[in-house]
Amino acid sequence: MPIVAQSTETTDWVSRFADEVIEESERRAPGKPVVVASGLSPSGPIHLGNLREVMTPHLVADEIRRRGYQVRHLISWDDYDRYRKVPAGVPGVDETWAEHIGKPLTSVPAPKGSAYLNWAEHFKAAMVESLAELGVEFDGISQTQQYTSGVYREQILHAMRHRGDIDAILAQYRTKKAPAKKQQQKPVDEAELEAAEGSGAAAEDDGSSGSAGYFPYKPYCGNCEKDLTTVTSYDDDSTELTYSCTSCGFSETVRLNEFNRGKLVWKVDWPMRWAYEGVIFEPSGVDHSSPGSSFQVGGQIVGIFGGKQPIGPMYAFVGISGMAKMSSSKGGVPTPADALKIMEPQLLRWLYARRRPNQSFKVAFDQEIQRLYDEWDRLEAKVADGSALPADVAAHSRAVRTASGELPRTPRPLPYRTLASVADITAGHEDQALRILSDLDPANPLASLDEARPRYDKAEAWINTHVPADQRTIVRDEPDTELLKTLDEQARESLRLLLDGLADNWSLDGLTHLVYGVPKVQAGFSADATPKELPPEIKTAQRSFFALLYQLLVSRDTGPRLPTLLLAVGQDRVRHLLGA
């Protein structure tokens, strides 16, 4: 018996969908596990937009599991889809892969140097690894295996018998397409990843229509393996089917009740699977939800197979900030593995959990990641002291744990921006990094860098892969004597005040108080004076003082936060560079 107790987190979108899905499952299939589904096509790198196809049902399934119900989260790997084009920017792939266009993805060779047997397995493997790191439990279904083993044979024969009914439904939506408008490429920070792209919807093929009429089934050619085929005749009684290939000219006659080398077209395949698997919940991208799209048409076709359309929220695009190449058709799209190199799984889960499916959001690969981490750390503090809002508590809970338990986490989660600065300054020297991080809080120093991992490793990876070389921090070896000679007495005094206070304030908090306090003291105020007690010109003086320190330490006007930079440089070297 399920634990019927409702979640205490009743204010978030996940709980509301869980309520609806449980109710619908008990109506359609009482006593059976709740079935939610996702579909992914390993036609190339599976990107962060595609991840929303998985995270939306995962979060709902996990909430249902927390309530004690049995749930199956199916991920259909659409690896029997046709290979549509050669994606650019994929290592180990060149123009010769064009000869495989039209074949099933599992019949296309993997990129050169891959450890996997075929194209589909190569791209599927990276996603499986990322989902494991994210704590996503699922039942994977290979559509190649389903079709080639004859699992769907009765469904295929049923679709062929009812091809007239299917054709009539599709005919309601067939219109003459307007010429495609040339789209201007968006800048990186406005780029969007369509979550449904490549998941079968891209082709939107609704069937083989020739002189013999409409057929919702496409054979793969027995000679060249491509789907550039046309069914020329079919007999319902004998299931005898004849097709010809427009690519190589091959033709043959087969019995469909014994033939396993073909598949239902996408707009029929998807609703067939809803009925076959008893899917209660499956979201769809915005392109699936428009008039005449796969989800809408599937809602009518599913009845032919004796099923019902799932509850299916439309989900919005996922934006990306800070990646150099952002066209999914031209390669270079960021994947979940790319994101997990620079952020912990909890943060990535939180980005998908805190926004309703119909709300777009961005995954940051630029400086914005530091702000996101600051926001996340503030949320963690509020959850710990009980001051967080219920919806925020719910999103946090879904980020840090699943029904199976807590995700692994960093024992000492120091601020990401601080870790990034330390990784930048130390350039891979772990002993120096440990020294600096231990000085952040001398009363509670790190015993080992492992206490700050994996967050430290993620911040280091971000510095090394996403911060341009001209923005990296290089500390001077010798004092800038020319600049020091030109300083007026006020600037010299500011440096003396800083140097005099170094020894007594050598911690992150102490140095923060010191560097902000020097301009206050010079202006005749207490170092403890609050912004409300100070005139506006103090902020100007602080900015000038900070710029001077950056110039003397790293020969730039800006850099890592000064307290962190001072700790990194060390007292002796700071005194040397500031002309003590």
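Two strands are taken to pair if DSSP finds at least two bridges between them. Helices (H or I, at least four residues) and strands (E, at least two) are DSSP runs, numbered from the N terminus. The structure is a predicted model, in which local features need pLDDT of at least 70 and side-chain atom pairs count only at pLDDT 80 or more, whereas totals for chains, interfaces and linings use all residues. Residues are numbered from 1 along each chain as its sequence is written, and side-chain values use heavy atoms, with hydrogens and water left out.

The chain contains 21 helices and 17 strands. Of its 580 residues, 51% count as buried (under 20% relative accessible area, with exposed over 50% and partly exposed in between; 1.4 Å probe, protein chains only). The accessible surface amounts to about 26000 Å², and carbon and sulfur atoms account for 50% of this surface; the areas come from the Shrake-Rupley method with a 1.4 Å probe, and for residues only the protein chains shown count as cover. Among contacts (heavy atoms within 4.5 Å) between residues at least 6 apart in sequence, 71% join residues at least 24 apart.

An open sheet of three strands has the order S1-S2-S3, with parallel pairing. Its edge strands are S1 and S3 (139-142), each of which pairs on one side only. Neighbouring strands of the sheet are turned by 25 degrees against each other on average, direction ignored. Axes are lines fitted to C-alpha atoms, for helices over the stretch in contact, and angles run from 0 to 180 degrees between N-to-C directions. Seven bridges connect S1 with S2 (residues 71-77) in the parallel sense, and Ala-37 has Leu-74 of S2 as its bridge partner. S2 and S3 also run parallel, joined by four bridges; here Ile-75 stands opposite Gly-140 in S3.

Strand S1 (residues 34-40) is largely enclosed by the rest of the structure, because seven of its seven residues are buried. On one side these are Val-34, Val-36, Ser-38 and Leu-40, and on the other Val-35, Ala-37 and Gly-39. Together with helix H2 (residues 48-66) and S2, strand S1 makes a right-handed β-α-β unit; a crossover is right-handed if, with the strands pointing away from the viewer, the path from the first strand over the helix to the second runs clockwise. H2 lies across S1 and S2, running at about 165 degrees to S1.

Beyond its neighbours within four places in sequence, Tyr-352 is in contact with residues including Trp-13, Leu-48, Met-55 and Phe-361.

In helix H12 (residues 390-400), the buried residues include Ala-394, His-396, Arg-398 and Val-400. Among the elements covering the buried residues of H12 are helices H1 (13-28), H2, H10 (345-353) and H11 (368-385). Gln-143, found in helix H4 (residues 143-148), is buried, with a relative accessible area of 2%. Not counting residues up to four places away in sequence, Gln-143 touches Ser-76, Trp-77, Asp-78, Asp-79, Tyr-80, Tyr-152 and Arg-273. Met-314, by contrast, lies in strand S13 (residues 314-315) and is partly exposed, with a relative accessible area of 32%. The C-alpha atoms of Met-314 and Pro-357, 43 residues apart along the chain, are separated by 6.7 Å.
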